[in-house]
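Thanks for coming. I will take a few minutes on one ligand and the space around it. Please have a look at the sequence and the model first.

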Amino acid sequence: PSPLRMRKALGRFASGVTIVTTAESEDEASVHGMTANAFTSVSLDPPLVLVSIANRAKMNAKIGETGRYGVSILAGDQEPLSLHFAGATSEPDLVRFTWRKGVPLLDGALVHLSCTVTDSHLAGDHTLHVGRVEELWYDDGRPLLFYTGSFRALDLQGGDEHWG
Ligand code: FAD
Ligand code: NAD
C-alpha cells in the first residue's frame, strides 16, 4: 500500500495524543518536546511503554543522547499544545513544564510518565524507544483524541463512563 493509503487506514485507529519530552539537564533551556500519537503500553512487570519517533525528527537523536524521556497524555483542552509541539503553530506562552525524576512534563496533562530508555529498535523510517516507567502520576478528565487526521473530544455524556 502507498503511504497515503497507510495513513487513511491507520488514521481509523483512534488514539490519544501525547507530548514526548526530553532534556540534557534540569535547565529548562535544554528541553525538547514533540507531539506523538504512536505511544503504547508494553509491559506491566517490568513497567514498560514505547514511543515510535521518526528517524528524521530532532527528538530521535535527542532521546538517543539523554536516554530518558517523559510522556504527557494530553487533556481535551490541550489541542493548541499538540499543534505547537508538532510545529504547526507557535504558542510558546502556553508551554509550562513540571519536573518529575529529572524529566520535564507538560502542565495540565492527564498523565505524566518519567521513563528511562531500555532499548531502541530501528524500524523502517522510525525508531521504537522502549522506556521503563520510573514514576507516574495521573488525574481524571477528558482526553484529547486523534482520529482520521483530526482532533476529537470524548463524549462522556454518551455512556462511555459506564464501560468496564
Ligand atoms: P521540531 O519540529 O523542531 O519541534 C516541534 C515543535 O515543538 C516546534 O514548534 C518547537 O518550537 C516546539 N518545541 C520543542 N521544544 C520546545 C520547548 N522546550 N519549549 C517550547 N516549544 C518547544 N511524529 C513521530 O515521529 N511520531 C509520532 O507518533 C507522531 N505523532 C504525531 C501525532 C499528531 C497528532 C501530530 C499532529 C504529529 C505527530 N508527529 C509524530 C509529527 C511530529 O510531532 C512533528 O513532525 C514534529 O515537528 C517533530 O518534532 P522535532 O523533534 O523534529 O522538532
Ligand atoms: P495523518 O492522516 O497523516 O495521520 C493518520 C495516521 O497515519 C496517524 O495516526 C498514524 O497512524 C499514521 N501516520 C501519519 N504519518 C505517519 C508517519 N510519517 N509515519 C508513520 N505513521 C504515520 O494525519 P495528519 O493530520 O495529516 O498528520 C499531521 C502530521 O503529523 C503529518 O505530517 C503526519 O505525517 C504527522 N504524523 C506522524 C505520525 C508518526 O510519525 N507516527 C503520526 C501521526 C501524524
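Predicted model: local features only at pLDDT ≥ 70, side-chain atom pairs only at ≥ 80, totals over all residues.

Now the polar contacts. His 126 has a polar side-chain atom 2.6 Å from an oxygen atom of ligand 2. For Asn 37, an N or O atom of the side chain is 3.0 Å from a ligand 2 oxygen. Gly 149 uses its backbone instead: an N or O atom there is 3.3 Å from an oxygen atom of ligand 2. As for cover, ligand 2 on its own has 660 Å² of accessible area, and the protein covers 51% of that.

Next, the pocket. Where does ligand 2 sit? The space it takes is the largest pocket, which holds about 1600 Å³. There are 39 lining residues, and the closest to the pocket centre are Arg 7, Asn 37, Ala 38, His 126 and Phe 146. The lining divides into 21 nonpolar, 13 polar and five charged residues.

Which element gives the most to that lining? That is α1, with five residues; α1 spans 3-10. Other elements that each supply at least two lining residues include the strands β3 (31-36), β4 (39-43), β5 (48-54) and β11 (144-147), and the helix α3 (79-84).

Notes
Residues numbered from 1 in each chain as written. Chains lettered and ligands numbered in written order. Heavy atoms only, no water. Polar contact = N/O pair within 3.5 Å; in protein donor to acceptor, adjacent residues only side chain to side chain. Areas by Shrake-Rupley, 256 points an atom, 1.4 Å probe, with all protein chains shown as cover. 1 Å grid on protein atoms, 1.4 Å probe; cavity = no way out; pocket = protein on both sides within 12 Å on 5 of 7 lines; lining within 4 Å. Sits in = over half its atoms within 2 Å of the grid points. Points joined across faces, edges and corners; volume = space filled by probe spheres on them. Helix = DSSP H or I, 4+ residues; strand = E, 2+ residues; numbered from the N terminus. Nonpolar A, V, L, I, M, F, W, Y, C, P; charged D, E, K, R; others polar.
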